[in-house]
Amino acid sequence: MTTNLPFHASVVVIGGGVMGCSVAYHLAKLGCRDVVLLERHKLTSGTTWHSAAQVRQLRSTRNLTQLIRYSTELYAALEAETGQATGWTRTGSLSIATNPDRLTHIRRQAALARAFGVEAHEISPREARELWPMMNGEDVIGAVFSPGDGRVNPSDLCSALVKGAKAGGARILEGVRVTGFAVKGGRVAGVETDQGSIACETVVNCAGLWGRQVAALAGVAAPLYACEHFYLLTKPVEGVTAHLPTLSDHDGHLYIRDEVGGFLVGCFEPWGKPLPIEKLPADFAFDLLNEDWDHFEPMMLNALNRIPALETAEVRMLLNGPESFTPDGLFLLGEAPELRGFFLGCGMNSVGIATGGGAGRALAEWIVEGRPTMDLWPVDIRRFAPFQNNLRALAERIPEELGLHYAIAYPGREPTTARNLRRSPLHDRFAAKGARFGTRMGWERPSFFVPPGQTVLSELTFGRPAWFDRVAAEHRAAREAVAIFDQSSFGKLRVQGRDAERLLQRLCANDLAVPPGRAVYTSMLNEQGGIESDLTVMRLADDAFLMVTGTAQPTREADWIRRHMADGERVALSDVTSAGAVLGVMGPGSRALLQELSSADLSNNAFPYFTWQDIDLGHATVRAARLSYVGELGWELYVPSDCAAYVYDLIAEAGAGHGLVDAGSYALTSLRVEKAYRAWGHDVGPEDTPLEAGLGFAVRFAKAEPFIGREALSAQRDRGVERRLVVLTLEDPEALPLGDEPILHERRIVGQVTSAAFGHSLGRAVALGYVRLPERAAVEDMIAAGGFELDIAGRRFDASASLEAPWDPEGRRLRS
């Protein structure tokens, strides 16, 4: 096939599945008249055509849920706009529970739905059977019905999107294979194909199964991998009625619905079947993989139990089609940090149809506005680092991740595959002391410690976990004596050069014009005043700074800094996260312990809070920063890798006389929540301002260098905030919030929990969360009125609210 390619396009979209069609449609709606969509074969020929095409609205965050709510609105309206039906049918969805933990899980989902404005109702087992008369409900103990969910015809949907895109001036070119990219000055400049080249300013990779390979042509990492995905189709069965709600039997790993008078029975099995992309023929299109009844058999047995009529139903086919998945089960969206103008919208994890409308619009807005128009961090491509694009690691992790698609969302769940890649210099020492490790950004981090001779079961639960008492002991050591934490995984970026201060003054809301030896807590803001980063900056020299941020954030932070460097500014940026170890020595006994090992004066006068010094520690020299993320006296020790073991052993040996305890990340979380310290990605993010988050103390409006976001933040200061982060202390010591719970005030939902943990110093749980303020009301008045509750899996628990942390380390007590 020969196609007349245009010489130039403003945007080239690669891939004619639902994401590519949606992006092209929304770009055209936003006024981009010079959009070209390239499809290697025919539209929908990869994954989209065989999608089960279910649209369930509820997702883990408000914004991801909002994307799908928009999808439902768009799919219902497209026929009126384009004349092309989409097959949208509002059937609802029915989630059933067959054990108490699953019931807690779906109740938490229903509570979250209410917080997001999605209609969801808990119903009885009898009512569930009335909605699905052919279901065997003998073992069902509860259910949740969501009436706003539905389904669509994937091919018709894409036809409608393409028709709308063409009406807006977009060109759709089929039978064109992308072979490479032109790059100029660190930015994409064109697309090379088997039929010629197109010059362009922007590329959008919506290549689905082939997204990783297309990205590699541009030098971009796109960590996704294909798995085989199965669903059974039967011929018509007597008694099946049209437009039944989609039945979600997640304990059986199943989704079931009516399909042309018969059944569609799909699954996300406990362990997926990986598919190396090279096994697909080069011309794979509108094709399927071989049936695999041995693999599907366990799910088939579950389906026969749930729908007895399946036993006599005539099978039409066992459909086996490839789909792409990512290491964390969330899709890839946004501009690649490696190459300006190269955007990704792929790795959809079987939610392409459901999310496609909203995700396509979000990506189009990002391209047109030059920034994301909502907080999309959970799916932002920058949450991954290039090392996570390793093919062997993906082949191991992705089948496990697929198997977690329907897993109960227990706290403390950790992946078991592709582990032990990034380890601190002290990993083996912590392992020998009984550390149980979790993983974050590939790092192995101690979660908690089990002393030799003791046993702690790893069973997951919504109640108090088996490790509750171990974490409590670590927590109390930091509050009452001294604890040592491995903080090596925290992101560390070195910014150095003649213009380093000028750049950081423009990026940071606090004042960094401080002398070397000082540390500053600050935020980097966007133009709307939202918090793009929450970090500590140490001034190392007149021309050098060390930025310390969260474990998951270095790729994102580095990208933010680089894209805001002005032409001609002389600044070098280096990720030095792996250059050494960081030990947090925290607690009221930390000064006495470290002073025993150092000739440096560690008194408050000689070593004040938010300063750093190079000090001797035994025979080693370390950089000690008087900082604390636990709300107690403490130091962060930055130690060269080759000295880390020596320094740790030195502290551990001397610590025996000071009550030193090894502590993990679970204790660190409970300590920081008890002290109301914010965490980026939980309590603060791009849609939260420092004034809303209670961080106005770290903003210097009057500093000489205007910072990004100052104008928007000043305007908000003048008019007042409409929402505010508050600290909630639960009255009932048995209440265990996990995060995301709805916050109620006077029995009305006013917000959502952002972080939660059991406060072991308080003997009860503590939560942080934003509350919407009544018109012209002050948050102080709202707090004084009382009447706060948290909805935890459908149960309401009383809570007291405050703007201050409930733990007062100076008074060693609960603040009243």
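Q: Which helix do Trp 293 and Phe 296 both lie in?
A: Both lie in helix H7, residues 293-306. They sit three residues apart, about one turn of the helix. Helices here are DSSP runs of H or I with at least four residues, strands are E runs of at least two, and both are numbered from the N terminus.

Q: Before we go on, what kind of model is this?
A: This is a predicted model: local features need pLDDT of at least 70, side-chain atom pairs count only at pLDDT 80 or more, and totals for chains, interfaces and linings use all residues. Residues are numbered from 1 along each chain as its sequence is written, and side-chain values use heavy atoms, leaving out hydrogens and water.

Q: Back to the rings: how many aromatic pairs are there?
A: The structure holds 20 aromatic pairs. A pair means rings of Phe, Tyr or Trp (its six-membered ring) with centres within 6.5 Å; planes under 30 degrees apart are stacked, over 60 edge-to-face, and the rest tilted.

Q: And what is the geometry of Trp 293 and Phe 296?
A: That pair is edge-to-face, with 6.1 Å centre to centre and 80° between the planes.

Q: New topic! At what angle do H14 and H15 cross?
A: Helix H14 (residues 590-597) and helix H15 (residues 641-655) cross at roughly 115°, and their axes come within 10 Å. Axes are lines fitted to C-alpha atoms over the stretch in contact, with angles from 0 to 180 degrees between N-to-C directions.

Q: Which residues meet there?
A: From H14 you have Leu 593, Leu 594, Glu 596 and Leu 597, meeting Leu 650, Ile 651, Ala 654 and Gly 655 of H15. Contact means heavy atoms within 4.5 Å. By class, six of the contact residues are nonpolar, one is polar and one is charged. Nonpolar covers Ala, Val, Leu, Ile, Met, Phe, Trp, Tyr, Cys and Pro; charged covers Asp, Glu, Lys and Arg; the others, Gly among them, are polar.
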